[in-house]
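Subject: Structure handover and notes

Hello,

Please find the structure below. My notes on it follow.

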Amino acid sequence: MFKQKTKDENTPVEQLSVSAFGYEILRSDLLPELLGKQERNILYWAGRHLARKYPLHTMEEVHAFFVEAGWGTLEMIEASKTEMNFSLNSQLIMQRMENFNHQTFSLEAGFLAEQVQLQKKCTTEALESTKRNKVFITVQWDKKDTIE
């Protein structure tokens, strides 16, 4: 889905990865310190920015992006005419919730809100919540408030 650039087509691409520890240091220790009280808001809008940079055309592509980005497995729990409810889970999320007092999933919520907005062509917002080591994201939209 998101291919790394190579010097030429015959050069194999080495699969790169980041350790969970390194990712969590940045995500759960450094970002909260740098962003302070505005962390949730900034990460939400950063997620929306990333979605505009990587527009996806189907929810299947959104699910695949979440996995590839290391954000976890996104599962739609239910959908109605004006909202969708998702769960987000992974081993990394479970470890984050066990090991860090402070967690936010507003980056993922912002990304999801913008992807749904791009697909539905109407104003969309998302809310994140956690319950018993699970992450839930509710995306809501207003069909009357269309965008071009």
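To begin with a contact between side chains: Glu-108 and Arg-27 form a salt bridge, 2.7 Å from N to O (a salt bridge being a side-chain nitrogen of Lys or Arg within 4 Å of a carboxyl oxygen of Asp or Glu). Glu-108 belongs to helix α5 (residues 106-120) and Arg-27 to helix α1, so the pair links distant parts of the chain, 81 residues apart. Helices (H or I, at least four residues) and strands (E, at least two) are DSSP runs, numbered from the N terminus. Glu-108 is buried at a relative accessible area of 1%, and Arg-27 is buried too, at 7%. Buried here means under 20% relative accessible area, exposed over 50%, and partly exposed in between (1.4 Å probe, protein chains only).

On provenance: this is a predicted model, in which local features need pLDDT of at least 70 and side-chain atom pairs count only at pLDDT 80 or more, while totals for chains, interfaces and linings use all residues. Residues are numbered from 1 along each chain as its sequence is written, and side-chain values use heavy atoms, with hydrogens and water left out.

Overall layout

The protein chain has five helices and four strands, in the order α-α-α-β-β-α-α-β-β along the sequence. Of its 148 residues, 34% are buried. Taking contacts (heavy atoms within 4.5 Å) between residues at least 6 apart in sequence, 60% join residues at least 24 apart.

Other salt bridges

The whole structure contains six salt bridges. In one of them, Arg-96 meets Glu-24 at 3.0 Å, N to O. That pair also links distant parts of the chain, with Arg-96 in helix α4 (residues 91-99) and Glu-24 in helix α1, 72 residues apart. Arg-96 is buried at 3% relative accessible area, and Glu-24 is buried at 6%.

Another salt bridge joins the side chains of Glu-114 and Arg-48 (2.7 Å, N to O). Because Glu-114 lies in helix α5 and Arg-48 in helix α2 (residues 39-53), this pair ties together parts that are 66 residues apart in sequence. Through shared partners, salt bridges join Arg-48, Arg-52, Glu-114 and Glu-125 into one network. Glu-114 has a relative accessible area of 4% and is buried; Arg-48 is buried at 2%.

Gln-117 is buried, with a relative accessible area of 11%.

The second largest pocket

A pocket is defined on a 1 Å grid over the protein atoms alone, as an open set of points where a 1.4 Å probe fits, with protein on both sides within 12 Å along at least five of seven lines; lining residues have an atom within 4 Å of a point. The second largest pocket has a volume of about 160 Å³, the volume being the space filled by probe spheres set on the points, which are joined across faces, edges and corners. Its lining consists of Val-18, Tyr-23, Leu-26, Arg-27, Leu-30, Leu-31, Leu-34, Leu-43, Trp-71 and Leu-107. Helix α1 (residues 20-35) supplies the largest share of that lining, six residues. By class, the lining has nine nonpolar, no polar and one charged residues (nonpolar: Ala, Val, Leu, Ile, Met, Phe, Trp, Tyr, Cys and Pro; charged: Asp, Glu, Lys and Arg; polar: the others, Gly among them).

Strands

Strand β1 (residues 73-79) runs antiparallel to β2, and six bridges join them; strands pair if DSSP finds at least two bridges between them. The two form a hairpin with three residues between them. Glu-75 has Ser-87 in β2 as its bridge partner. On β2 there is also an antiparallel pairing with strand β4 (residues 134-146), over six bridges, where Phe-86 stands opposite Ile-137. Strand β2 (residues 83-89) is mostly covered, with five of its seven residues buried.

Lys-81 sits in the loop between β1 and β2 and is exposed, at 67% relative accessible area. Not counting residues up to four places away in sequence, Lys-81 touches Trp-141 and Lys-143.

Regards
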